[in-house]
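Let's explore a protein model together, one question at a time. Have the sequence and the 3D view ready.

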Amino acid sequence: MRGEVTIRVRCLMPEKLIDRATAQGARFDEVHLVGENAFVVCCDAASARRLLALCRRFGLDAAITARRGGSALRRFAERRGTLAAGIAVAVVLCALFLTRLWVVDIAFTGEQASLGDTASLSQSLAAMGIRPGISRRIDAGLIAQQLLAEDHRYSYVGAKLQGVRLLVEAVPEAPAPALYDVDAPRDLVCAMDGIVVSAVVRSGALCVKPGDAVRRGQVLIRGEEQATQEQTRPIAALGEVIVRSWFSGEARLPLTQVSTVDTGQWSTGAKLTVLGLEWPISRAKDYPSLRVKREYLPIGGLFLPLEIERVTNVETRRQETAVPADILQERAGALALADAQMSLHRTGPNQYTHGKSWVDYSNTGASLVAKAVIEIQSDAAVTREALQGG
């Protein structure tokens with residue numbers, strides 16, 4: 001079995017040194033001569049100390065080349081004396097981190113998620129003492145019940161622990177529909193321009209027929225009914241009038257695109273930098289239009305922040321090329337349809353049925369113009385109050 005320590009010694013008479021060390025109690029597992037004036041021994045730690053002491057006494061060149069077993073472990077422990085303390089501190093910090101809440105998130109779901117009020121729920125949580133850094137020993141269910149009881153704008157509130165995170169989910173309630181007196185006299189007017197497709201009257205007098213062009217605010221169903229042959233009386237108009245409407249969008253894209261290309265001309269320069277100071281070595285030539293490449297060559301090693309910065313100026317020029325017609329038309333059409341969809345979302349009804357959509361293109365000589373149209377059908381009969389509110 002090989003010893004714990006391997007030592008390489010240089011001396012003129014290896015045999016005498018081995019004999020003297022043996023006489024002092026050293027025991028060697030293996031001894032190998034290396035050349036005429038050097039040898040390698042394998043021994044235990046105590047024998048190694050005796051041999052090294054003799055080498056220091058006589059001024060001989062000796063060095064430990066390997067350690068194994070308990071000797072290596074002890075040396076590692078000596079070099080890493082703070083490792084155990086560091087591990088202990090890390091364990092304590094991890095335990096402290098994992099036993100507390102560090103993130104409090106609020107999320108809204110449901111069809112009315114946009115109505116959620118993050119600031120209000122955050123204030124309610126803060127009033128309960130729920131904030132980053134508190135202990136994880138909290139009742140998530142009780143927190144959800146308190147939030148739901150304090151704020152009646154939500155139909156559901158849930159809270160759950162996810163590691164060091166508390167997630168609060170809330171579902172805002174849909175706003176109650178406007179109440180009106182069904183017996184109060186009223187007309188139904190048109191919510192948007194379009195062409196009448198069909199109409200169903202439940203009460204009142206229909207003022208339009210399929211195929212008629214109608215304008216926003218025009219009366220569609222008048223709130224009246226025949227009381228006698230000569231007289232009418234006001235009532236609440238009820239019914240649906242389906243109107244076909246169109247929303248348009250436009251996009252313009254240039255027929256050419258400008259790109260930057262290299263001309264093949266370049267020039268290099270360099271400067272010496274250290275601690276924010278610079279000394280030019282050579283200067284690169286400037287061009288009216290250029291691209292700069294920088295390279296850094298450290299020459300001071302780890303202890304001296306000395307480096308050479310090499311700068312390459314590459315001459316460039318602007319190049320105008322025609323965009324392929326099919327690519328240009330595809331981009332312009334997509335942008336025009338997106339613009340038409342935005343117009344529909346801004347001014348159109350909340351509920352509708354999609355109809356046809358198309359894109360027309362025209363060339364102005366400098367750009368391609370795309371005009372998109374989206375067709376929808378919707379019930380356009382609303383009250384005057386709803387029209388003014390919209």
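Contact here means heavy atoms within 4.5 Å. Helices (H or I, at least four residues) and strands (E, at least two) are DSSP runs, numbered from the N terminus. This is a predicted model, where local features need pLDDT of at least 70, side-chain atom pairs count only at pLDDT 80 or more, and totals for chains, interfaces and linings use all residues. Residues are numbered from 1 along each chain as its sequence is written, and side-chain values use heavy atoms, with hydrogens and water left out.

Q: Which residues in α2 meet Leu17, Arg20 and Ala21 in α1?
A: By class, this contact of α1 with α2 has 6 nonpolar, no polar and 1 charged residues. Ala, Val, Leu, Ile, Met, Phe, Trp, Tyr, Cys and Pro count as nonpolar, Asp, Glu, Lys and Arg as charged, and the others, Gly among them, as polar. On the α2 side, the partners are Leu51, Leu54, Cys55 and Phe58.

Q: Why are α1 and α2 described as oblique to each other?
A: Axes are lines fitted to C-alpha atoms, for helices over the stretch in contact, and angles run from 0 to 180 degrees between N-to-C directions. Angles under 35 degrees count as roughly parallel, over 145 as roughly antiparallel, 65 to 115 as roughly perpendicular and the rest as oblique. The axes of α1 (residues 14–23) and α2 (residues 45–58) cross at roughly 125°, so the pair is oblique.

Q: How far apart are the axes of α5 and α6?
A: Helix α5 (residues 118–127) packs against helix α6 (residues 140–150) at an angle of about 125°. Their contact is made by Leu121, Ser124 and Leu125 of α5 with Ile143, Leu147 and Glu150 of α6. The distance between the two axes is 11 Å.

Q: Which residues lie nearest the centre of the largest pocket?
A: On a 1 Å grid over the protein atoms alone, a pocket is an open set of points where a 1.4 Å probe fits, with protein on both sides within 12 Å along at least five of seven lines; lining residues have an atom within 4 Å of a point. The largest pocket is lined by 15 residues, which divide into 7 nonpolar, 5 polar and 3 charged. Nearest its centre are Ala191, Gly348, Pro349, Asn350 and Val382.
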